Amino acid sequence: MRWDDQRGDDDAVLPGLGMRGLVCSVRTPEFAGITFHEVLARSALNKVPEASSMPFRWTVNPFRGCTHACVYCFARPTHEYLELDAGRDFETQVVVKTNVVEVLRAELARRSWDRQAVALGTNTDPYQRAEGRYAFMPGIVEALVEARTPLSILTKGTLLRRDLALLASAAEHVPVGIGVSLAIGDEGLQQAMEPGTPTPRARLDLIRAVRDAGLPCGVMVAPVLPWLTDGRDELDALLGQLSEAGATGVTVLPLHLRGPVKPLFHAWLEEHRPDLVAKYRSLYGSGAYAPREYARWLDERVRPLVAKHGLGDGGGHRFDREGTYPEGSMPVPQVAPSETTVLQPALF
């Protein structure tokens, strides 16, 4: 990867990174204040624990850390495994797996690979701004399609529009799911809480573009923020916009605050909404999740609105802590061949 005005910065080598294939650390004026630590990864496919309730067993994450800088991001604690902090380091010290496409191709070529669905965007966003420079996703998608492997993408990044033709072509050969995350309809609040993300309007336009390309598009309305975005009028307006944009399904989930994310979120409240600090401390107590009573209350509020806007029967989310993925965001499993099934010739 060649950067305009790039420079290697030996002083930017941080604890832990030097042990994991670090090649160089790069800064560029285009990404002021951000350091990209380019590494040679030993693997691309990450196996999801069997005990997990997630509807996929494998993921690929070309980046660690995310310039979206969402204050509530559940992935922030993973940066601590690199001996970096979950706050500013997560937003400004981004690990880039420069050989991710080559390694993925090698792993998919193994005889043991059984073509289980692979999910992208489950930790950090594969379409964060740096993807515009590194351009990993076309190679990743092509590798998965060539290996006849279903795939899904969950993103807030409108850069996905660049690859819509490729993804539409991929969907002719393997199941493809597309999901967009959009939980905050008010642009002022969105910019304060998700400063590195595209605006709500831009993401609504992305949903339209995905649907115009003939692809499904589920939407994660998550996290819903108590006293900030859980009003009936706010939810009604957002769900109406998602329906108008063509979303194929929605999942609505309340905020959870794991580990170091909780003090970071409370610090944000102290600065932006000090009137809510005590309420949040009371609601979340010493745990990571809102009480089950709140989840039930939110479900009762959302269920009729989901039905009203033609986004399902309101059952696209559930009371448990992780929820389900919305319709269209996960690849639809292929039907097992039978005597009456007409098989198409394999193209890959």
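Helix 8 and helix 11 cross in a right-handed sense, a crossing being right-handed if the near helix is turned clockwise from the far one by less than a right angle, and left-handed if anticlockwise. The structure is a predicted model, in which local features need pLDDT of at least 70, side-chain atom pairs count only at pLDDT 80 or more, and totals for chains, interfaces and linings use all residues. Residues are numbered from 1 along each chain as its sequence is written, and side-chain values use heavy atoms, with hydrogens and water left out.

**Helix 8 and helix 11**

- The axes of helix 8 (residues 232–245) and helix 11 (residues 292–308) come within 10 Å and cross at roughly 35 degrees; axes are lines fitted to C-alpha atoms, for helices over the stretch in contact, with angles running from 0 to 180 degrees between N-to-C directions.
- Helix 8 contributes Arg232, Leu235, Asp236 and Leu239, which meet Leu298, Arg301, Val302, Leu305, Val306 and Lys308 of helix 11; contact means heavy atoms within 4.5 Å.
- The residues of this contact comprise 6 nonpolar, no polar and 4 charged, where Ala, Val, Leu, Ile, Met, Phe, Trp, Tyr, Cys and Pro count as nonpolar, Asp, Glu, Lys and Arg as charged, and the others, Gly among them, as polar.

**The chain as a whole**

- The protein chain holds 11 helices and 12 strands; helices (H or I, at least four residues) and strands (E, at least two) are DSSP runs, numbered from the N terminus.
- Of its 348 residues, 54% count as buried, that is, under 20% relative accessible area, with exposed meaning over 50% and partly exposed in between (1.4 Å probe, protein chains only).
- Among contacts in the protein chain with a separation of 6 or more, 74% come from residues 24 or more positions apart.

- Strand 7 (residues 93–97) is largely enclosed by the rest of the structure, because 5 of its 5 residues are buried.
- In a regular strand the side chains alternate between the two faces of the sheet.
- Gln93, Val95 and Lys97 lie on one side of strand 7, Val94 and Val96 on the other, and all are buried.
- Strand 3 (residues 35–39) pairs with strand 7 in the parallel sense over 5 bridges, pairing requiring that DSSP finds at least two bridges between two strands; Phe36 stands opposite Val94.
- Strand 6 (residues 63–64) runs antiparallel to strand 7 and is joined to it by 2 bridges, with Phe63 opposite Val96.

**Glu91**

- Glu91 belongs to helix 1 (residues 88–92) and counts as buried because its relative accessibility is 15%.
- Leaving aside neighbours within four places in sequence, Glu91 is in contact with Ile34, Cys66, Thr67, Ala69 and Arg76.
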